[in-house]
Amino acid sequence: MFLNTVLVFLTDLAARLLGNTLFRQQFHLWLSAVVMFGPALSFWVSQHSIFAKRTHFLYRMFLRSGWGWTCIFVGSFVFLLSFSIRRSVTLSIRHLSRLGVAGALWLGFCKLLDVLENATGSCYEPILTEVTNGQPMLVLREGEMKSECLRAGMLWRGYEVSEDVFLLCLCCLLLAEEMAVFGPYLSLGGISGAPLRILFLFCFLLLGLWIFLLLCLLAYFPQFPTQLLGGALGCLSWRGLYQGWYRQGPSWFSPGRPGQGLLNTKTEGCN
């Protein structure tokens with residue numbers, strides 16, 4: 001009984017925060033400010049911290065599989081919420097398709113960025129000689145791909161966009177959009193059992209984790225302007241999908257906005 005009371009209190013609090021109009025209107029601006037000014041944190045953090053190592057558990061466990069974790073928790077929450085309201089598998093799949101579209105967009109951009117990096121960058125082999133006084137001399141290796149170059153222990157120089165920051169920004173904005181419908185749903189007296197609330201709480205914790213990892217990357221591994229470009233690409237992807245395409249309404253070419261077709265007309269207008 002006590003644990004259920006705590007669960008209800010925490011999820012109600014998180015739902016009110018994510019459903020707040022000011023939060024929804026300003027979250028992308030706050031996230032943009034974090035990406036822009038986050039590297040300044042590098043002046044205050046210690047490079048001896050456990051988070052200054054790329055081999056840290058959080059980076060290996062979550063960052064490398066960020067999209068998978070997001071799909072698992074958000075997909076489960078969206079499906080359970082939509083199915084518990086309408087009992088329609090077709091409608092639930094339609095709402096889940098937003099994740100599929102976002103995932104396809106992310107993969108497409110990653111492939112495009114790889115092509116651009118290979119086309120504009122070059123591979124260099126560091127060679128130590130007596131002439132350079134211990135400093136490695138970089139010898140250009142033509143015809144090498146970025147993956148092959150780094151795998152061989154050589155250096156790659158070229159224009160890059162941080163895929164990690166791109167993914168984290170996109171996941172944060174996607175989570176905020178998909179979870180915001182839970183507040184209006186509760187205000188209408190919707191049935192919210194423990195499984196649905198637990199999934200919502202996990203999604204909220206995942207959002208906090210992505211924000212924390214984003215701050216860690218900016219503070220401990222600052223890379224300007226690659227991280228700024230990655231953040232901009234993530235925000236533009238969110239705006240194109242949730243503020244553009246999905247607002248066209250549910251149809252054969254658009255899955256619609258989160259909550260559309262699930263709640264009453266008044267609540268849908270808040271989305």
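Author: Let's start with R197, which sits in helix α9, a helix that covers residues 194-220. Please keep in mind that this is a predicted model. R197 has 7% relative accessibility, so R197 counts as buried, being under the 20% cut-off. Its side chain has polar partners. One of them is T11, whose side chain makes a polar contact with the side chain of R197 at 2.5 Å. Another is S192: here a polar contact of 3.1 Å links the two side chains. If you leave aside residues up to four places away in sequence, R197 touches L7, V8, T11, D12, F182, L186 and S192.

With a relative accessibility of 46%, T5 counts as partly exposed, whereas R197 is buried. The side chain of T5 reaches back to the backbone oxygen of M1, at 2.9 Å.

A search of the whole structure turns up three cavities of 30 Å³ or more. The largest cavity has a volume of about 80 Å³. Its lining is made by L18, F23, R24, F27, H28, L173, A176, E177 and W238. Helices α2 (21-37) and α7 each give at least two residues to this lining, and α2 has the largest share, with four residues. Sorted by class, the lining of the largest cavity has six nonpolar residues, one polar and two charged.

The second largest cavity holds about 50 Å³ of space. Around it you will find F77, V78, L81, H95, R98, E178, V181, P258, G259 and L262. At least two lining residues come from each of α4 and α5, with α4 giving the largest share, three residues. The classes here are six nonpolar, two polar and two charged residues.

There is also an open space to explore. The largest pocket contains about 600 Å³ of space. Its lining has 25 residues, and those nearest the centre are K146, E160, V161, E163 and D164. The elements that supply two or more residues to this pocket lining are α4 (66-86), α5 (89-120), α6, α7 (163-179) and α10 (226-242). By class, the pocket lining consists of 10 nonpolar, seven polar and eight charged residues.

Helix α6 also leads us to the cysteines. The model has one disulfide, and it joins C123 to C149 with an S to S distance of 2.2 Å. This pair ties together distant parts of the chain, with C123 in strand β1 (residues 122-127) and C149 in helix α6 (residues 146-151), 26 residues apart. Both C123 and C149 are buried. The torsion about their S-S bond is about 85°, so the disulfide is right-handed.

What about C71 and C110? C71 is in no disulfide, as the nearest cysteine sulfur, that of C171, is 7.7 Å away. C71 has a relative accessibility of 27%, so it counts as partly exposed. For C110, the closest cysteine sulfur is also in C171, at 11 Å, which is too far for a bond. C110 counts as buried because its relative accessibility is 9%.

Technical notes. Residues numbered from 1 in each chain as written. Predicted model: local features only at pLDDT ≥ 70, side-chain atom pairs only at ≥ 80, totals over all residues. Heavy atoms only, no water. Disulfide = S-S within 2.5 Å. Buried < 20%, exposed > 50% of the residue type's maximum accessible area, 1.4 Å probe, protein only. 1 Å grid on protein atoms, 1.4 Å probe; cavity = no way out; pocket = protein on both sides within 12 Å on 5 of 7 lines; lining within 4 Å. Points joined across faces, edges and corners; volume = space filled by probe spheres on them. Nonpolar A, V, L, I, M, F, W, Y, C, P; charged D, E, K, R; others polar. Polar contact = N/O pair within 3.5 Å; in protein donor to acceptor, adjacent residues only side chain to side chain. Contact = heavy atoms within 4.5 Å.
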